[in-house]
Amino acid sequence: MTTTSPSKGTWLDIVLTALAPVIWGSTYIVTTQILPPERPFTAALIRVLPSGLLLLIYARRRPARGDWGRLLVLSALNIGAFQALLFVAAYRLPGGLAAVVGAIQPLLVMALAWGVEQRRPLASTVWAAVAGVVGMGVLLLSPGTVFEPIGIVAALAGAASMATGTYLTRRWRLNMPVLALTGWQLLLGGLMLVPVTLMVDPALPSLTGLQIAGYAYLSMAGALLAYALWFRGIARLAPVAVSSLGLLSPLTAVVLGWVLLGQAIRGPAFVGLAMVFASILAVQWTASRT
C-alpha cells in the first residue's frame, strides 16, 4: 500500500468518468419534462439498444468464445437488471429515497473486494462513503418520505446489481476494446429489457419532434457516450472510486431542477449537497492509496 495522491493522469480519468453520471443526472429532466409518461421500460430500451447496435457496427469486435458467459452476466448486472430495478424503484419511491438507497453502492463494492479478495478497505474510505449516504439523506429526504417495501427492495437490489457489475467488470477484465465491451453490454442488456417492455408498458403514441429528440439524447448521450466513459473509468480506476462518482447523478438532477425548473434548495439541503460532494472527492483520494 502506498500513500501517494492521485496523479494528473488519474484525475483526468476521474473527470472523464464523472461525466457519465452527470449525463445520467441530466436525463431526469428529459424523461419527466419531454418524454411520454408511464413508459419507463420503453425509455430504458430505447436508451440502450440502438446505442449498443451503433457501437458494435463501429467496433466490429466479437467476444472470445470463453467470454460469452461473463459478458452475459455483466450485461444483466450493469444494464438489464439494473435498468429494470431502477425504474421499479423510481415509480414506487420518492426520488430522494431511491437516491439515498443507491448511495450505498461504494460500500457494497468495498464489501465485495473485502469478501472476495480479502482487500480490507481503509477506514477513511469507508467513512467517506458513509458520509455520502448521510449527505444524500440530508439533501433529498423529507419528514413525509414514504418507505414502500417493494420499492425499497428494488432500490437495494438495483444498487447491489450495479455495484456487483462494476466490481466484476474490473475483476474479470474481458479482452475487448472499451467501445466493443460497452456495445455488447448495451445490446445484450437491451434485449433482456424487450420482454419486460412488451409486457408492462403501453405502446408509444405519435411522437413530437421534441420527444424524438429526447429519446435520441437518452440513447446517444445517456447510453452511448455515458456508458463508454463509465466502462473506460472502470478499466482505469478503483471500483469503489467509480461507484462513488455515481453519486453525481442525483446531485446533477437536483442542481438542474433548481436552475432550470425553479425547484427550491433550502439551507440544510445545501449542507447535504456539500457533504456528498466532499465524500466523492475523499473517496477518489483515499481509494488511490489501496
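## Helix α7 and its ends

E148 caps the N-terminal end of α7, with one of its side-chain oxygens 3.1 Å from the backbone nitrogen of I150. This description refers to a predicted model.

Helix α7 covers residues 149-172, which makes 24 residues. From its first C-alpha to its last, α7 reaches 34 Å, close to the 34 Å expected at 1.5 Å a residue. Just after α7 comes R173, whose phi is positive, at about 45 degrees.

## A203, in a loop

Where is the place of A203? A203 is in the loop between α8, residues 178-200, and α9, residues 209-236.

Is A203 buried or exposed? The relative accessible area of A203 is 65%, and the cut-off for exposed is over 50%, so A203 is exposed.

A203 can also be placed relative to R70. In sequence, A203 and R70 are 133 residues apart. In space, the C-alpha to C-alpha distance between A203 and R70 is 33 Å.

## Q211, in helix α9

Q211 lies in helix α9. Its relative accessibility is 15%. Buried means under 20%, so Q211 counts as buried.

Which backbone nitrogen does the side chain of Q211 reach? The side chain of Q211 reaches the backbone nitrogen of T208, at 3.0 Å.

Definitions and conventions: Residues are numbered from 1 along each chain as its sequence is written. This is a predicted model: local features need pLDDT of at least 70, side-chain atom pairs count only at pLDDT 80 or more; totals for chains, interfaces and linings use all residues. Side-chain values use heavy atoms; hydrogens and water are left out. Helices (H or I, at least four residues) and strands (E, at least two) are DSSP runs, numbered from the N terminus. Buried means under 20% relative accessible area, exposed over 50%, partly exposed in between (1.4 Å probe, protein chains only). A polar contact is a pair of N or O atoms within 3.5 Å; within protein, one must be able to donate a hydrogen and the other to accept it, and residues adjacent in sequence count only if both atoms are side-chain atoms. The expected span of a helix is 1.5 Å times one less than its number of residues.
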